[in-house]
Each structure stands twice: as structure tokens, then as C-alpha cells.
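Open the structure in your viewer and keep the selection tool ready. We will go stop by stop.

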Amino acid sequence: MTAELAEPASKIELPAGVGGGGEIPSFDVTLRVRRYNPEVSEDATWDDFQVTMYGTDRVLDALHKIKWEMDGSVSFRRSCAHGVCGSDAMRINGRNRLACKTLLKDLDTSKPITVEPIKGLPVEKDLIVDMEPFFQSFREVMPFLINRGHEPTKERLQSAEDRERFDDTTKCILCAACTSSCPVFWTDGQYFGPAAIVNAHRFIFDSRDDAGDMRLEILNDKEGVWRCRTTFNCTEACPRGIQVTQAIAEVKQAILSRKV
Amino acid sequence: MSATEIQSPRSKAPGVGSGRIAPQYRRSGTSKGNFEMLAWLFMRLSGVVLVVLIFGHLTVNLLVGEGIHAIDFGFVAGKWADPFWQIWDLAMLWLAMLHGTNGVRTIINDYAEKDATRMWLKVVLYAATTVIIILGTLVIFTFDPCPVVNGVQLPGGFCPAP
């Protein structure tokens, strides 16, 4: 085209061995991974892995490196690896985090980084837990639109304000970081848990939905919202930044204002 | 072509759901009634009332007049001669005991891991609560600063000579 085009990047001369944009600092870090294999032993143990990682690496990258280059038997779930699918929630240095959203450089790399399965759900192997109790509670709040009116020929319209009412709780990716950070859930696993309540909130406050009363009745159970002790563990754990404890409080308010 | 069947995803009905859920996570049926909601509401309301009652109690007993130096048997006897303070102390006793009992009940529910442990801890809790509430109520209403036993007044020095 014209001579105003910038010089192509390939023509810039670089010293040998240096990538573009400067070197990324590397460091050694020890990952202390909780291992459990019921086919070998009923007891869980800790395994230490020392890996050299870079400033742009996440805990998930370290786990990949361990699994691909050091010990192929290390088991964990991950799917998209970019904080969307919610598969790789785990307990990193005692806090529930997504391994794919936790940068190693943000952790204290001078000490071993502990990586455990999320608490309160049955461990199947290493970092993999049985999510079925979690999803069962999710199903019980009926997380789908129920509309008793006539089916519209076009989409169901909603004002921006009505949409805003439940915007926060639409962000949930069902990673179970919140429910498995809740001390009430740890005790006996009977509590519905923050995630189920968040997903009920998403429909209870949706102006297009007609089954809010049914969901409130379900959550008025003795294992429902009243078991929340507002410890805010769930809000702290949520990788999507959902104000979980606030959502639970709003559901409490909705039950109260309906009954009293 | 058969119509798509959408099954209601409720775990309560037998045979519905995946059936793979570990037994300790199964909820034993739905709870009817609003007991947990009322307990939750009672905690908030009694808490607010107790703040007023307790700080009123502390102010009158420890700050007003001679303050803490005025407290003795006669002071308490004087207060309980007045129906206002009888009702005040009664409300404080009942609300504080029920508030505290409900708080310990939730702690037991949260921390006891076996159903049997949970039940026995609650039995002890409710027994203690019942005894204290009944005993306290009796004391407030049957308190007699000048008890007479077999026609003889017990020593004390607060009461006018008969």
C-alpha cells in the first residue's frame, strides 16, 4: 500500500536468545500436593514437587508440568483452563481458588504451596472430588425458568433494571469453591450450600420467572438459608466475585417478607 | 416420535435423580413449618431488646446515684419490690436465656457430627435452660426480703420490727 506502513516486526534485529518484550522472570517453587488413591491406600499423603516456573504461570501450569513431566499419576480436573468452566476449584494454601486463575507469583513462593482437594465433598482421587452432592442441591432449587404465562412469539422482554436485580448471581460457574468453603457444609453436608442459594436467587429475583415462591419454600427448609452463619467464606472464595453472602441475605429477606 | 419427557429433578422422590449420591449427603425429607425462620428472627429481635435491657440494667445498678457502692441485699430487695423492675428483670432473664440457648443450639447443630451426640448435647442444654428459667422466675416473683420462719424473723436488719 503506502510507505507509511510500520516496519514489519521481523525486520527488527534482536540479540540472540532474547524473546520479544523482555525476559519473564523464572523461579523455583515447591508444590505440596495432597495425594489419595483408594486403590493403593486408604490414607492420604503429601507429595512435594519442585518445579521451575515463570512469572506468568498459574498453579494450573505447575500442576500440568508435574503431571506431564514428573508424575503422570497426579489427578485433577480441568477443562477450559481459563476461569470459565469451573472444573479446577481446589484448596490452594488453605483457600479455595481456581488453579487456572491463581498466579504463582501472587503466592508466597519461598514456602511450599499446598494444593488440596476442596473440603466437604468425598475425595475420589488426589484433587478430584465427587461433585454429585453439590449438584443435587443445585438441582433441588430448580435452576431453570418456570413461566406460567402464555408462551410469547418473540423473546421474553425485561427492563434493564429488572435484569440488573439478579445480575450478580448470573455469574456463577458452579465450581463449588463457595459451598466447599462453608464450615456449616463441612459438618454434615446437609446444608443446601451457597451455590444452590445463589442459583435460586438468580431465578427468584428474575421478573420473568413465576416459581419464586416454590424456591423460597424449598430454601425455608431447616437445611436451607437459615443455616447460613454469615461467615463470608463463600464471598471470599468465589472466583467470579459474586457477593454470595449478600445474595443469601436477600433470599432470607424474601422468605421473611413473604411469611411475616 | 415420542414427546421429550422432562423429569422434575427432585431427589426426594424415590428413584429420581442420579442415585449415585453418597448416603450421608441425602437430606431426610423436607422440614415443615417455619421454626428455623422464627428462631432466626427471634435472635435478631431479642438481641436488639437485650441491648436496651442490659445497658439499662447496668446503668441503674452501677452508675446512677452512689453507683456500685450502693449494691447490697437491700438494694436488690428494693428493686424487686417494684413491679417495673420485676418485669424488667423477668424480660431480661427470659430473653437472655432463650437467646443464649438458641445460640448454643445452632452451635451444637453445626459442630456435632453424630446424631446421637447432637441429641444428648441438646437434651442437656434444654434441661439446663428449663431449670434456670423456672428457678429465676420463681425467685423474681416469690422474693421476700423479710422471711419469717416459725414466727421468728430471720436476721437481716432490713426489715421493720414486726
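How many helices and strands does chain A have? Chain A has eight helices and seven strands. Helices (H or I, at least four residues) and strands (E, at least two) are DSSP runs, numbered from the N terminus.

Some ground rules come next. This is a predicted model, in which local features need pLDDT of at least 70 and side-chain atom pairs count only at pLDDT 80 or more, while totals for chains, interfaces and linings use all residues. Residues are numbered from 1 along each chain as its sequence is written, and chains are lettered from A and ligands numbered from 1 in the order in which they are written.

**Stop 1: the whole of chain A**

Select chain A. Its C-alpha atoms fill a box of roughly 75 × 65 × 30 Å along the principal axes.

Buried residues make up 41% of the 260 residues in chain A. A residue is buried if 20 or more other C-beta atoms lie within 10 Å of its own, exposed if 12 or fewer, and partly exposed in between; C-beta atoms are placed from the backbone.

**Stop 2: the sheet**

Select β1 to β5 of chain A. They form an open sheet in the order β2-β1-β5-β3-β4, with mixed pairing. Two strands pair if DSSP finds at least two bridges between them. Which strands are at the edges? β2 (45-54) and β4 (95-98) of chain A are, since each pairs on one side only.

Now zoom in on β5(A). β1(A) pairs with β5(A) in the parallel sense over three bridges. Find Arg32(A): its bridge partner in β5(A) is Thr114(A). β3 (residues 89-92) of chain A pairs with β5 (residues 113-116) of chain A in the antiparallel sense, over two bridges. Here Ile92(A) has Val115(A) as its bridge partner in β5(A).

Two residues are in contact if their C-beta atoms, placed from the backbone, lie within 7 Å.

**Stop 3: an enclosed helix**

Select residues 194-204 of chain A, helix α5. Is α5(A) enclosed or open? Eleven of its eleven residues are buried, so α5(A) is largely enclosed by the rest of the structure. Among them are Asn199(A), His201(A) and Arg202(A). The buried residues of α5(A) pack against α2, α6 (212-219), α7 (233-237) and α8 of chain A.

**Stop 4: two loop residues**

Most residues other than glycine have a negative phi. Select Ala176(A), in the loop between α3 (160-165) and α4 of chain A. Its phi is near 75°, a positive value. With 26 C-beta neighbours inside 10 Å, Ala176(A) is buried.

Next, select Thr230(A), in the loop between α6 and α7 of chain A. Phi of Thr230(A) is also positive, near 45°. Thr230(A) is exposed, with 12 other C-beta atoms within 10 Å.

**Stop 5: where the chains touch**

Show chain B too. The contact takes 20 residues from chain A and 21 residues from chain B. On the side of chain A, α2 (132-140), α4 (183-188) and α8 (244-259) each supply at least two residues. The largest share, five residues, comes from α2(A).
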